[in-house]
Every structure is written in structure tokens, then in C-alpha cells.
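Biologist: I am new to reading models like this one. Could you walk me through a few features and show me how to look at them?

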Amino acid sequence: MPIKAMTQEWMDAYKAAIQADPDYRNIAKDWEGSVALVVNPDPSKNVPEPIYLFMDYWHGDVGEFVVCDKAKAESARFVMTGDYARWKQVAFKELDATKALLQGKLKMKGDLPYVVRNIKTVNKVIDILGKVDTLWPDDHK
Amino acid sequence: MAGGYAGKFLRVDLSKGSWDDFTIADDVLRQYIGGSCLAAKLFLERYPIEADPLSPENPLMIMTGPMVGSGFPGTSRFSVCAKSPQTGIWAESACGGTFGPELKRAGYDGIVIEGRSEKPVVLSIIDSKIALSDASSLWGKDIYEATDELKAADRSIKALVIGPAGENLARIAAIGNDKGHFSGRAGLGAVMGSKNLKAVLVKGNAGKAPKADDDAFKTAMKAAMQEIKESALAEGLHMMGSDANMDLGMVTGDVPVKNWTSGGEFDLANSLSGPTMREKYLTKAHACTNCPIACKRVVKVEDGPYTAEEGPGPEYETCAVFGTMLMNPDLTAVIKANELCNRYGMDTISCGSAVALAMELFEKGTVTKEQLDGLDLSWGRMDSVLELVKKMAYRQGFGDILADGAVHAARRIGGDAIDAVVHVKGLEAPMHDPRGFHGMGLAYMMSNRGACHLQHFVLATEQGMASWPQLFDMKDDYQGTTSEGKAALVYNSENYGILANSLAICHYVAYSIKPETLRDAFNAVTGFGFTFTDLLSTGMRDWTLKRGFNNLLGISKKDDILPKRIMTALDTGGAAGSVPDVDLLLKEYYELRGLDERGFPKAEILAVLGLDDLKARLYQ
Ligand code: SF4
């Protein structure tokens with residue numbers, strides 16, 4: 001049963017998927033720090049307001065995974081912002097997140113060299129994101 | 001006169017010790033712009049292309065473009081062009097730094113150097129005074145020493161200098177600009193050495209070339225600065241230099257490992273990467289004239305066996321060729337190898353590739369310790385590598401065999417040594433594996449100076465650093481390990497990217513700004529009023545002209561190939577199991593480019609591009 005994207009239930013499912021992944025712990029063993037995703041609103045795609053998602057990653061473990069407010073999102077070590085359609089492309093692997101960043105389709109605030117050094121971790125969490133059975137806002141009947 | 005140009009070129013005849021100025025008509029500049037494109041046009045018109053590259057008949061051209069000296073970001077560049085002593089075909093090697101804008105300030109768009117001096121000389125263009133002076137006391141000095149000496153009396157002089165490798169006619173010799181910037185590829189330092197020309201010095205007093213539209217230029221300039229400020233690519237380059245690619249490229253299968261035989265060495269990449277350099281050895285970021293990105297590294301190594309004084313640090317290509325290619329995890333050894341290549345004046349890609357070949361042959365027993373004067377050339381033995389680099393520059397022992405690059409070395413060694421060399425048309429490939437990015441494989445096959453990542457923007461478009469759907473049809477994201485759709489991507493990325501070397505603008509800046517901004521700045525400077533279509537047509541003319549140059553030298557379809565090693569899939573890494581579909585790529589590309597079954601531009605294409613002289617020579 002698909003879960004509505006970017007809801008707390010979806011965040012819980014995403015966290016569980018990461019925890020269940022056999023390779024994640026090893027790949028992410030060096031990663032320290034929280035990541036916030038900011039989804040810009042797009043009323044034409046049933047995203048009327050911005051959405052803020054906060055995820056805490058720590059040396060292969062995962063902590064708090066919540067839908068949050070702007071202030072909490074901005075407190076994350078890394079904040080990535082983009083239009084809803086771009087995030088969906090990333091989840092569907094139609095657009096690589098690093099390429100999206102370089103092309104300005106996503107923006108990032110945070111320590112870029114750290115992200116580059118840990119690119120395998122970034123790729124892994126995106127890979128897992130694509131595996132969560134998701135109902136996207138613009139797919140709602 | 002068209003805006004942006006100084007309005008004259010300097011011709012120097014070293015055999016006669018004389019010089020004069022010449023001009024080029026505006027309509028020719030409009031068609032060929034400047035840089036390497038104009039150089040190819042001049043070469044074909046005025047010089048014998050069949051000449052031995054190390055003979056006095058091979059001209060050495062140092063060319064800028066109309067935007068150089070304008071103050072627009074990334075327009076500090078110049079192209080050095082000649083027939084290559086390494087490959088025997090067209091050679092161009094673009095360089096950033098300081099020399100290009102200063103040459104414009106001296107009132108010249110370019111210099112064409114003919115003949116050969118009897119004795120070592122320095123050519124100087126200082127405050128409108130041109131002179132050839134004796135350089136006997138400088139001959140034998142390395143690039144750092146000679147540059148310091150030449151600039152001792154006046155630090156504002158900009159210098160182009162060769163080192164011992166160029167003097168010893170190593171066919172992989174480079175030319176250094178102010179110690180931190182190099183025209184590295186295709187052996188142009190040897191052409192300079194063959195002319196007994198140790199250095200070219202320039203200091204200008206002619207002011208800036210007038211622009212066609214100052215207000216439009218200011219607007220384009222403002223847009224460019226804002227786009228660079230907002231660009232994650234520019235930010236990454238500033239923070240990590242070009243070596244930001246190391247970690248990313250190891251994941252995607254871009255980075256060659258162990259002389260192109262392995263992949264997926266993530267710890268090795270981490271130890272050699274831009275973030276590591278930044279954390280441990282970077283003292284500051286440095287920029288070419290008028291560049292807000294400042295991707296150049298200045299590094300210092302204080303401890304360990306490979307200490308290095310503060311100086312120019314290695315780029316990604318150097319970190320790969322002296323790092324992953326040699327199974328060397330020690331970044332300090334790479335920094336040292338870079339310093340030696342800079343001092344001796346050798347292209348790091350060709351030098352490291354020749355060393356990688358020797359290491360592989362040493363492992364196989366084809367090359368022995370005795371041949372290497374006792375050096376143990378096992379993988380990762382950087383103490384031996386640094387010794388060998390010196391031997392190459394001075395053509396000592398086995399270094400003499402490697403001094404002309406991996407292809408010449410493999411041919412001298414014989415047997416199947418050539419199978420261990422990754423090259424196209426005699427030029428060793430840069431550090432981007434076509435098995436991870438098939439478009440790059442096609443770009444290597446079709447680049448006019450041999451395997452090259454700088455005659456086009458394929459690196460940016462295929463790897464997703466830039467997306468320009470407004471310029472030509474392209475997708476948001478290309479999978480590296482597929483050949484479908486790549487011919488069109490390469491064709492378009494060539495037509496746009498090749499302009500970088502005629503406009504003389506840095507690739508990184510061009511990747512970071514919108515094509516509209518570059519077009520508007522170009523038009524504001526020149527007054528040419530080009531559309532995107534005009535720009536891409538100029539790129540087509542540029543590519544076709546150089547292809548024709550090479551066709552006249554015997555290049556044909558048989559040479560548009562990838563080497564055996566690249567056509568063998570890897571077992572590990574991001575490119576595992578993948579090889580480019582060469583037949584598909586070439587078939588589609590030949591059609592787009594209008595090449596006939598021999599690999600010659602069709603007569604009608606030459607006519608459309610206004611290359612009638614070339615048409616007459618190819619179809620006589
Ligand atoms: S990006 Fe780097 S290479 Fe290009 S002009 Fe700027 S400093 Fe020079």
C-alpha cells in the first residue's frame with residue numbers, strides 16, 4: 001500500500017527502509033549530521049505549501065526523521081532545497097542529485113567538501129528513497 | 001575594426017632575428033574568431049603542414065581571442081598551436097594564467113614564431129619594445145628558476161618559459177606561464193625548444209582593446225558574476241579545485257585505476273581527493289587573471305619524505321595520473337611529482353601515463369630493474385617514480401624512451417606494449433574513462449588533437465555539470481554507461497565547447513554561466529551580433545577546419561578508434577561491465593558531422609562552412 005509522500009508516516013517508512021538496508025550502515029559509517037530537505041510549493045502539483053523534512057544520520061545510525069517547521073529545517077547541518085518536481089525526479093532516478101546540485105536545480109547549504117567526500121552515502125540514501133512505496137501528491141485522485 | 005581585438009599580430013623570424021606586424025581582415029576574424037581556430041586557418045594558408053614538427057618550418061603560434069583582456073571572468077586564456085611532435089597532427093594547448101591578457105595589453109592578438117635561432121634566445125615585448133636577447137645563461141635552468149630570474153627586475157612582466165624537457169626535445173614537453181599555468185599537451189614545449197626559444201616575456205602599455213558596446217558588456221558581466229556566485233560547480237571548484245572530481249568520479253567510473261585496468265578504489269580516491277588536499281596541504285586558492293572562481297591550488301607539504309615549498313598544487317588530472325593510475329595513495333608524492341613536472345616542463349598526463357606503462361611492463365617483466373638503473377618500479381613506488389620523472393626530462397637511461405610519451409615508448413619497446421597504452425591518434429587519454437562515460441569515448445575518438453577532454457564540453461554535459469536545453473536538444477540527465485543518444489550530445493557539445501579555445505575562455509567559467517550570458521558578452525565585446533546558431537556554426541567551422549588539417553596529414557576513419565584496453569570491460573567500479581558501442585557512436589556521429597566513408601568532411605559541408613581552400617586541397 002503506497003504511503004503519501006512527505007508525511008510523517010512516509011518519513012517513518014523511509015527511516016525503516018534505511019535501517020533495513022544491509023549495506024547502509026557500512027557505507028554511511030563516516031557520516032555525521034542532520035539533513036533537511038525543503039520542498040518548494042507547487043499548487044499545480046497539489047503541493048500548496050513548502051514542506052520541510054528533517055533527518056538525522058550518525059555514523060551508520062539514523063535518528064530523528066520528522067516532518068518539521070522551517071526553523072528546525074534550517075538548523076540542520078545540510079539543507080537542500082528544490083522544487084517538488086525536481087525532488088520527484090530525484091526519487092525516480094530521472095535526475096541524479098549531484099547533477100541537480102551542479103546544474104542549480106537543487107540548492108544546498110552546508111559543507112560541500114564533506115558531501116563530496118561522502119558521496120556514496122548520499123547516493124545510498126537516495127537509492128533507498130526510490131524504494132519506498134510512495135503515493136506522490138500529483139498522483140492523488 | 002571589430003571590438004575586442006588589439007588589431008595586429010606579431011610575426012617573429014628567429015632564423016633571421018627579425019620581426020614585423022601583420023593584420024587580419026574583420027571578415028576573417030568574424031569567421032574564425034581567434035585562438036586555436038584562427039591559428040589553424042593561418043597555418044593552412046601560410047605554412048607547410050608536411051614539415052617536421054621539430055624543424056624551423058613548423059610555426060609556433062601563441063594566440064588570444066577577442067574577449068581576452070576584457071575583464072570578463074575566465075578570459076585570461078591563450079592557445080599555443082603548432083604541428084605536434086608527439087602525434088604528428090594538429091596541436092593546440094590552451095592555458096590560463098596571466099600571459100594572454102598581458103599580450104593584449106601589449107597591443108597584440110597573437111604571436112607567430114617562425115624559424116630557429118642559432119643560439120638560445122628570449123623574445124621580449126616590453127612596453128612596445130621588441131627584442132631578442134641571448135638566453136645562454138638560462139638554458140638548462142628549470143621553469144621556476146628561469147621564471148624567477150626573468151622577472152627579478154620587474155615582477156609585472158608575464159613569462160612563458162620552457163624547462164629542460166623542452167630543451168631536450170622531449171615530445172611531451174610543456175610551456176609554463178608564471179610557474180602556475182601550463183600549455184601541457186601534445187609537446188609544444190619541444191617545438192619551442194627546437195627553436196632555441198627559452199622564453200617569451202610580455203608587458204603591455206597599450207591599454208585595453210575597445211569594446212563594441214560598453215553598457216551591454218557591463219550588463220553581461222554583472223549577470224556572469226551573479227551566475228558564478230550562485231553556481232554550486234563554481235563553489236566546489238573554489239573550495240576543492242578540479243580534484244573535486246576524484247571522489248565523485250570514482251563512484252561513477254570516471255577515474256582510471258592501475259593504468260586503466262581497475263576501478264572502484266574508493267579509499268585510494270579519498271586519500272587523493274580535493275577535500276583531502278584542502279584539509280591537509282592547501283594554503284590558498286589562486287586565480288587566473290580576472291577569475292572569481294579561483295580553482296587553482298597553492299599547496300605546501302611540511303613533513304614526510306616529499307616535503308614541498310609553498311607553490312602551485314596539482315589538478316585532478318595530475319592527482320589521477322600520479323595517484324590512482326600508479327596505485328599511489330600518497331598525495332604528498334603527487335604534489336612532488338607535479339612540482340617536478342612543472343619545473344622540468346612536462347605535461348603531467350603524458351608523463352604519468354608513460355610511467356604507468358613502465359610500471360605495468362615492470363610487473364610483467366618486460367622492463368627490468370637493470371634497464372631502469374636499479375629502480376624498483378613496483379606499483380606505488382613513488383620514490384622510484386620521482387627519479388624516473390627526472391630521467392625523462394633529461395633523457396637519461398630509460399627516461400629517454402619515456403620522454404616522448406607512452407605511445408612512442410611502447411613502439412620503441414615493441415611486442416604488445418602498445419596494448420597497455422590508452423591513447424587516440426598518439427595522444428594519451430586524459431583521466432576520464434570512456435567505459436564510465438561513452439560520450440567521452442566518442443569525444444576522444446573525434447578530438448582533433450587526439451584523445452582530449454578540452455576540445456569540447458562533453459565532460460560538462462554528459463556528467464551533468466551543466467545543462468543547456470536552450471542551446472541544443474538535451475536531457476536533464478544522461479546515464480554514463482550508455483551509447484544511445486550520445487552522438488548528438490557530443491556533436492553539439494563540440495560545436496559549443498570548441499569555441500572556448502577560439503574565444504579563449506575557461507571551460508569552468510563557461511560551465512558555470514548561461515550560454516545567453518556568454519553570447520551577450522561576446523557580442524558586446526566584438527559587435528558581431530551572433531545568435532546561438534551563429535556561435536554553433538562557428539564551432540562547426542572550427543572543428544571541420546582542424547579535421548581537414550589532419551586529413552591532409554593522413555588521418556582518416558581508421559584513426560577514429562578507441563584502444564583495445566578501453567574496449568575491454570572492467571570487473572569492478574562504476575563502469576564495470578561496460579564498453580562504448582563504437583559502431584553506433586561513429587555511425588550517428590559521422591552522419592551529423594557530414595563525414596564521408598573515409599572520414600573526410602563532405603565537399604558540400606566544406607562549401608557551406610566557407611572552407612573553400614580546404615575543399616580544394618582535400619578534393620583536388
Ligand atoms: S576557473 Fe580556474 S582555470 Fe578557469 S579561469 Fe578561473 S582560476 Fe583559471
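Predicted model: local features only at pLDDT ≥ 70, side-chain atom pairs only at ≥ 80, totals over all residues.

Biologist: Which residues lie nearest the centre of the largest cavity?

Modeller: Those are B:Val68, B:Gly69, B:Ser70, B:Lys208 and B:Ala209, out of 13 lining residues. Helix H3 (residues 99–105) of chain B gives the largest share of this lining, with three residues. If you sort the lining of the largest cavity by class, you get five nonpolar, four polar and four charged residues.

Biologist: And what lines the second largest cavity?

Modeller: Its lining is in chain A: A:Met6, A:Trp10, A:Leu37, A:Val39, A:Leu53, A:Trp87, A:Ala91, A:Leu129 and A:Trp136. Strand S2 (32–40) and helix H4 (84–91) of chain A supply at least two residues each. By class, this lining has nine nonpolar residues, with no polar and no charged ones.

Biologist: Now for the rings. How should I read an aromatic pair?

Modeller: A pair of aromatic rings is described by the distance of the centres and the angle of the planes. Over all chains, the structure holds 28 aromatic pairs. Take B:Tyr508 and B:Tyr511, whose ring centres are 6.1 Å apart with 80° between the planes, an edge-to-face pair.

Biologist: Where do B:Tyr508 and B:Tyr511 lie?

Modeller: Both belong to helix H22 (residues 507–512) of chain B, where they are three residues apart, about one turn of the helix. B:Tyr508 counts as partly exposed because its relative accessibility is 22%, whereas B:Tyr511 has a relative accessible area of 5% and is therefore buried. For another kind of pair, look at B:Phe522 and B:Phe530: the ring centres are 5.3 Å apart and the planes meet at 55°, so this pair is tilted.

Biologist: Are B:Phe522 and B:Phe530 buried or exposed?

Modeller: B:Phe522 is buried, at 0% relative accessibility. B:Phe530 is buried too, with a relative accessible area of 6%.

Biologist: Which residues form an aromatic cluster in chain A?

Modeller: One aromatic cluster consists of A:Trp10, A:Tyr14, A:Tyr24, A:Tyr57, A:Phe65, A:Tyr84, A:Phe92 and A:Trp136.

Biologist: Where does a charge sit over a ring?

Modeller: One case is B:Lys8, whose charged end sits over the ring of B:Tyr108, 4.5 Å from its centre. Another is B:Lys179, which lies over the face of B:Tyr144 at 5.4 Å from the ring centre.

Biologist: Let us turn to the ligand. Which residues are around it?

Modeller: Around the ligand you find B:Gly74, B:Ala287, B:Cys288, B:Cys291, B:Ile293, B:Ala294, B:Cys295, B:Lys296, B:Cys506 and B:Tyr508. This shell divides into eight nonpolar residues, one polar and one charged. B:Tyr508 is the partly exposed ring from the edge-to-face pair.

Biologist: What about the backbone of B:Ala294?

Modeller: B:Ala294 has a positive phi of about 55°, although it is not a glycine. This residue is in the loop between strand S13 (282–286) and strand S14 (296–301) of chain B. With 10% relative accessibility, B:Ala294 counts as buried. B:Lys425 likewise has a positive phi of about 55° without being a glycine, and its place is the loop between strand S16 (423–424) and strand S17 (427–428) of chain B. B:Lys425 is buried, since its relative accessible area is 12% and the limit for buried is under 20%.

Biologist: Lastly, where is B:Met277 found?

Modeller: B:Met277 is part of helix H11 (residues 274–280) of chain B, and at 0% relative accessibility it is buried. From B:Met277 to B:Asp542 there are 265 residues along the chain and 37 Å between the C-alpha atoms.

Key
Residues numbered from 1 in each chain as written. Chains lettered and ligands numbered in written order. Heavy atoms only, no water. 1 Å grid on protein atoms, 1.4 Å probe; cavity = no way out; pocket = protein on both sides within 12 Å on 5 of 7 lines; lining within 4 Å. Helix = DSSP H or I, 4+ residues; strand = E, 2+ residues; numbered from the N terminus. Nonpolar A, V, L, I, M, F, W, Y, C, P; charged D, E, K, R; others polar. Phe/Tyr/Trp six-rings, centres within 6.5 Å; stacked < 30°, edge-to-face > 60°. Buried < 20%, exposed > 50% of the residue type's maximum accessible area, 1.4 Å probe, protein only. Lys NZ or Arg CZ within 6 Å of the ring centre and 35° of its normal. Near = heavy atom within 4 Å.
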